[in-house]
Amino acid sequence: MEWIQYIIIAVILVLIVLVIIKLNQKDFSSEANKLVKYLGGKDNIINAECNMSRFKVILKDVSKVDKASIQKLGAKGIVEIDNQLKIIFGKDAKQLKECIKGILK
C-alpha cells in the first residue's frame, strides 16, 4: 500500500510541473498580432524576415510604427534603416516571424 502513496505523490508533482511549464509559455500568436498592429498594420508590412535573434521587417511607412509598444513586447533593441526595422527579440524572433507570416497571408 505504501507504493500507492508514492505513485500519487509522483503524479501530483508531474501535474504541478506541467502547469508551471504551461504558464511560462508565451502566446506567440497574440504577441504577433500586437506586433503587426504596432508596425502599422498588415497593409504597412512589405516583408518580414528572421536572422538569428533579429526580426527584420520592411515597411511602406516607418512613421506608423509604435516603437515604445514594440519594446514593451520584449524587444531588446530597434534599429531603423530607411524603410526597414531590425528588431532584436532574442530567441523568440523566429517564432514571432512564423506567426506573422501566417497573419500576412
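The following legends describe close-up views of a predicted model.

**View 1. The buried side of helix α2.** Helix α2 spans residues 28–38, and its buried residues are Phe28, Glu31, Ala32, Leu35, Val36 and Tyr38. These residues lie on the same side of α2, because they cover an arc of only 160 degrees around the axis. An α-helix has 3.6 residues a turn, so residues three or four places apart point the same way.

**View 2. The surroundings of helix α2.** The elements that cover the buried residues of α2 include the strands β1 (45–51) and β2 (54–59). The helices α3 (67–72) and α4 (93–104) are also among them. After α2 comes glycine 40, which has a positive phi near 100 degrees.

View 3. Side chains alternate along β2. On one face are Phe55, Val57 and Leu59, which are buried.

**View 4. The hairpin of β1 and β2.** Strands β1 and β2 are antiparallel and pair over 6 bridges. One of the residues involved is asparagine 51, whose bridge partner in β2 is arginine 54. Between the strands of this hairpin there are 2 residues, and methionine 52 adopts a positive phi near 60 degrees.

**View 5. The pairing of β2 with β4.** Strand β4 comprises residues 84–88 and runs antiparallel to β2, to which 5 bridges join it. In this pairing, lysine 56 stands opposite lysine 86 of β4.

Technical notes: Residues numbered from 1 in each chain as written. Predicted model: local features only at pLDDT ≥ 70, side-chain atom pairs only at ≥ 80, totals over all residues. Heavy atoms only, no water. Buried < 20%, exposed > 50% of the residue type's maximum accessible area, 1.4 Å probe, protein only. Helix = DSSP H or I, 4+ residues; strand = E, 2+ residues; numbered from the N terminus. Arc of directions from axis to C-beta. Contact = heavy atoms within 4.5 Å. Pairing = 2+ DSSP bridges.
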